[in-house]
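Colleague: I have a few questions about this one. Can you put it up on the screen?
Modeller: Here it comes.

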Amino acid sequence: MTGAPPIIVTGLNHWFGTGEARKQAIFDVNLTVMRGTLTVLMGPSGSGKTTVLTLMGCLRDVQDGSVHLLGHELHGAGRELNEALRRRLGFIFQAHNLHGSLTALQNVLMGVLVHGSIDPGTQAAAARHALTLVGLADRMNYLPANLSGGQKQRVAVARALVGNPDVVFADEPTAALDHESGATVVQMLKRLGQVRGTTTVMVTHDNRILELADRIVTLEDGRIVNDTGV
Amino acid sequence: MSRLLQWLFRRLPIGWLQLTHSRPRFAAALAGVAFANVLVFVQLGIMNSMATATMKPYGFFRADIMISASDANSMTEGGNVARQWLFQALADPDVIAGAGIFVANVNWARPEKTLGLTTYGIDPTLPDFLSPDMAAKTTTLQLQNAGILDRFSRGLPRDEAAAIRPQTPLSFEVSGKTLTLYDTFAGGGGFGGDGFMMVSDQTFLTLFPARRSAAPDHILLKLAPGANAGQVAARLRDLISDKTLRTRSYAQAAADDLSYQQTKRPTGIIFGFGVIIGILVGIVIVYQVLSTDVADHLGEYATFKAMGYPQRFFIGIVLEEALILAILGFVPGFAVASALLAGMAKATTLPLAMTSGMAVMVFFGTLAACSLSGAIATRRLASADPADLF
Ligand SMILES: Nc1ncnc2c1ncn2[C@@H]1O[C@H](COP(=O)(O)OP(=O)(O)OP(=O)(O)O)[C@@H](O)[C@H]1O
Ligand SMILES: [Mg+2]
């Protein structure tokens, strides 16, 4: 795959808590992720997968070491840079985190509108297209309360992908999905990587996804213990 | 509505969608804002009507300067002023005419109810000191024991008032004397009495034998055209050796009276407090609604933050909600308050009414109060942390 690596992590350490309760969760993590690849983070519960993901996705301030994301250093980055970078990312959370007062279509639109002044017709068309891709063409105007868990997660996927992100961060995105839709989502991410060069970093335990991964990074107690290209 | 808002804000009307997501909660919030509006409107209506009632008697007369006793905070109270000061004032080149006026309460015992009439004794040969409407009727006052009556007196049937004309006068007994009403004028119930009556100074002195013509309640002065009432009043204060007297321009006397009623009288203070309490109730209700709404949506806001939405976007949502509550709460508040004031006016004959000035003031006040509540509620936005989402 071509281009400068979108994510370069060097000497990353992270602590939680203050004073006596201060505890190190991440120890000297080094990781370079290439453009258009699907990287899977594995490891037991509490090993630091989510922490690493939020640090790389500029959702958490870097305390020590360096995270280079899309050409920008996150250590010491200000609010404006964080916001600008987040707009180039797509997040798929463990919980779907849809807005309960917005319809499926409006939730997906939120992923487009953040990019500012694009023609409203184009915005709506993009949102509809994204929902169609995840198989929800007939559920556009449903409120989340009237969708199943799997459908909600697919709306969240559409919302993350509709803005054409450079990097997608996903934390157990298939946990709430049935076998088939889980596979569909991951295949879609994989294809996006091949077609658009979208980079995906995903936390998962799902064996079926491991088969699709370009690289599997295993964490234990906040350290990388295994790093395999497949 | 949603589409209109979307077009207005050039984004999804998230505040509107959030507020209307739960209809009962939204209705309760609007009822709260409407309630606060009603509180403020009713208090303001009462204060306004007090102001109108206070100003009413000043409208009966035409003068440039008024000399009153030190304790005369209004037209209807206070001690007398010696008439000699009137003559002394006339020595000033700018003072061209003067008149004394007398005030007292006359009780008209009627079968149903005794009317308390605030009665002015005036010199009917000096119509220049009266409003044109009143001046046109002074000829009848030159008759012995004649009076003209406030046709809007509280407790006086309208048709009975309408029947009082020079051709068909109406007589009644006051302290053993027969007073005859030949005409009526437009007064209107105040807080002090049931209505007003005008009699000549001669008739006044027969009704109140203890009063003397040399000591009226107030002295009114007219100035030469172009003279400055404030400057002449200052000159007269120097000239008049009784320094306890209050010599003010007529407009100043009216303004002082009003501010006395609103800030020194218990009733004025109570209604003023009522307005403040109404505003506070509104601010607290809206703050409560908005901060609960922010707290309920912290997860959604954190998600939007993770997607790259800036802080001003969330402040925009909260202010959008504040303005929606203000505008939609104002409408029923205005309607209920208008009906209430009309009903109260009917029941009390006080000049209680919704005015456009009040409506505009309360509307913008509501916008400001709701924005303030919204601004305070946005402080809770800080707890939406996208790092907690995974
Ligand atoms: N907000 C926090 N405050 C304090 N400690 C935290 C916080 N978040 C994570 N930790 C700690 O940091 C370590 C790594 O947590 P993390 O959530 O990254 O693990 P994980 O690999 O994602 O686990 P899981 O598979 O259960 O999601 C754990 O020991 C956890 O208790
Ligand atoms: Mg985790």
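Predicted model: local features only at pLDDT ≥ 70, side-chain atom pairs only at ≥ 80, totals over all residues.

Colleague: Which element gives the largest share of the domain 1 side?
Modeller: Helix H3 (residues 23–60) of chain B, with four residues on the side of domain 1 that touches domain 2. By kind, the residues on that side of domain 1 of chain B are five nonpolar, three polar and no charged.

Colleague: Back up a bit. Where are the two domains in chain B?
Modeller: Domain 1 covers 2–54 + 266–389, and domain 2 covers 82–244. Their C-alpha centres lie 48 Å apart. Eight residues from domain 1 of chain B and four residues from domain 2 of chain B take part in the contact.

Colleague: How much area do domain 1 and domain 2 of chain B bury between them?
Modeller: About 500 Å², and carbon and sulfur atoms account for 67% of it. On the domain 1 side, Ala53(B), Thr349(B) and Leu350(B) supply 71% of the area buried against domain 2 of chain B, more than any other three residues.

Colleague: New topic, chain A against chain B. How many residues are in contact?
Modeller: 28 residues of chain A touch 22 residues of chain B.

Colleague: What area is buried there, between chain A and chain B?
Modeller: About 2,300 Å², with 67% from carbon and sulfur atoms. Of the part that chain A buries against chain B, 25% comes from His99(A), Ser101(A) and Met110(A), more than from any other three residues.

Colleague: Why quote an area at all?
Modeller: Because the size of an interface is often given as the accessible area lost when the parts come together.

Colleague: How many salt bridges over all chains, then?
Modeller: The count comes to 16. One pair is Arg110(B) with Glu160(B), at 2.8 Å from N to O. Arg110(B) is in the loop between strand E2 (95–109) and strand E3 (114–122) of chain B, while Glu160(B) is in helix H7 (residues 158–163) of chain B, 50 residues apart.

Colleague: Last one. Where is confidence lowest and highest in chain B?
Modeller: Lowest in helix H1 (residues 2–9) of chain B, with a mean of 67, and highest in strand E8 (residues 218–223) of chain B, at 96. Chain B averages a pLDDT of 90, and 98% of the residues score at least 70. The model has an ipTM of 0.91 and a pTM of 0.79.

Technical notes:
Residues numbered from 1 in each chain as written. Chains lettered and ligands numbered in written order. Heavy atoms only, no water. Contact = heavy atoms within 4.5 Å. Buried area = accessible area lost by both parts, 1.4 Å probe. Domains from an automatic or database assignment. Helix = DSSP H or I, 4+ residues; strand = E, 2+ residues; numbered from the N terminus. Nonpolar A, V, L, I, M, F, W, Y, C, P; charged D, E, K, R; others polar. pLDDT = per-residue confidence, 0-100. Salt bridge = Lys/Arg side-chain N within 4 Å of Asp/Glu carboxyl O.
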